[in-house]
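Student: I am new to this structure. Please take me through one part of it closely, and then link that part to what lies around it.

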Amino acid sequence: MELRKMSLLALSAVLTVGCSTIESHQQAEIAANENEKAIRKEAVEVQLDSVKTPDEALRRLVEGNWRYAADSCLNPHHNRKRVAATAPQQQPFAAVIACSDSRVPVELLFDQGIGDLFVIRTAGNSVNDDVVMGSVDYAVEHLGVKAVVVLGHESCEGVTGAITETGRDDESKVDELLSVIRNDVKPYVGHKDSLDVAVRLNAKVQVDRILASKRVQKRVADGQLVVKAGYYNVHSGMVEF
Ligand SMILES: [Zn+2]
């Protein structure tokens, strides 16, 4: 009986040592991952501060979106230090015109932080409005953004309403909004199955509208700006340009 008790004690000691070895391995692995993540984050923060060209701006957006879709966000520029650094003035590297849809959180899906993006959101991401277009011009002319992206998205209810609802209530501001979008996706009105192509066309029409500005054209010709349409997939989290 005494012998059995001693064997059990010995086994329990071995298990305890084994468990603590596994635990310390796991802790070391977690610490190594955290360290690696901190190094990558620091590198991204430095890169974000040095965006000088349209190509770099687009690369930052693409890389940030890959991180987001792969569930490995670094959340750069999310701290009090960045709040203090950007308080005196902003210098975002890109402007994004996106839908107000709650599934399209712009900074999150590009894995960017405070002061990185100038974001304009309206239902259906239309720029056919002086206030919206004025905001785009402000980002280009006064903030010197290197990229302007119009981001349409899968399952957009604004574009769905525009291609499916044909009635009009003059008192409704929603109908007014839908009729503005409808004008831009005319070939697909009445074709609910064509929602995806209508969303892409809508984004492209807005890009053309932005590019109609002589000042924008000059910056693009001088290599200081790129204007692109994008499509966000609400299932995969990926953005296609
Ligand atoms: Zn939408």
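Tutor: Begin with a term. A residue is buried when its relative accessible area is under 20%, and exposed when that area is over 50%. The model here is a predicted one.

Now look at helix H6, which spans 157–164. H6 is mostly covered, with 6 of its 8 residues buried. The buried residues are Gly158, Val159, Thr160, Gly161, Ala162 and Ile163. What lies over them? The cover of these buried residues includes H7 and helix H8 (195–211).

Go on to the loop between H6 and helix H7 (173–184), where serine 172 is found. Is serine 172 buried or exposed? Its relative accessibility is 18%, so serine 172 counts as buried. The side chain of serine 172 also makes a polar contact: it reaches the backbone nitrogen of valine 174 at 3.1 Å.

Next, the metal site. Which protein atoms are the donors of the zinc ion? They are SG of Cys99, NE2 of His153 and SG of Cys156, lying 2.1 to 2.3 Å from the ion. Along the chain, these donors follow the spacing C-x53-H-x2-C. Cysteine 99 and histidine 153 link distant parts of the chain, as they are 54 residues apart. Cysteine 99 sits in strand E1 (residues 94–99), while histidine 153 sits in strand E3 (residues 147–153). Both cysteine 99 and histidine 153 are buried.

Now turn to open space. A probe the size of a water molecule, rolled over the atoms, shows where empty space is left. The largest pocket holds about 300 Å³ of space. It is lined by 17 residues, and the closest to its centre are Leu48, Asp49, Arg82, Gln91 and Pro92. Helix H1 (2–49) and helix H3 (80–86) each supply at least two residues of that lining. The largest share, 3 residues, comes from H3. By kind, the lining has 6 nonpolar, 6 polar and 5 charged residues.

Glutamate 42 has 57% relative accessibility, so it counts as exposed. How far is its C-alpha atom from that of leucine 74? The two C-alpha atoms are separated by 9.2 Å, and the residues are 32 apart along the chain.

Note on methods:
Residues are numbered from 1 along each chain as its sequence is written. This is a predicted model: local features need pLDDT of at least 70, side-chain atom pairs count only at pLDDT 80 or more; totals for chains, interfaces and linings use all residues. Side-chain values use heavy atoms; hydrogens and water are left out. On a 1 Å grid over the protein atoms alone, a cavity is a set of points where a 1.4 Å probe fits but cannot get out, and a pocket is an open set with protein on both sides within 12 Å along at least five of seven lines; lining residues have an atom within 4 Å of a point. Grid points are joined across faces, edges and corners, and a volume is the space filled by probe spheres set on the points. Helices (H or I, at least four residues) and strands (E, at least two) are DSSP runs, numbered from the N terminus. Ala, Val, Leu, Ile, Met, Phe, Trp, Tyr, Cys and Pro count as nonpolar, Asp, Glu, Lys and Arg as charged, and the others, Gly among them, as polar. Buried means under 20% relative accessible area, exposed over 50%, partly exposed in between (1.4 Å probe, protein chains only). Donors are N, O and S atoms within 2.8 Å of the metal (3.2 Å for Na, K and Ca); water is not among the atoms, so sites may look incomplete. A polar contact is a pair of N or O atoms within 3.5 Å; within protein, one must be able to donate a hydrogen and the other to accept it, and residues adjacent in sequence count only if both atoms are side-chain atoms. Contact means heavy atoms within 4.5 Å.
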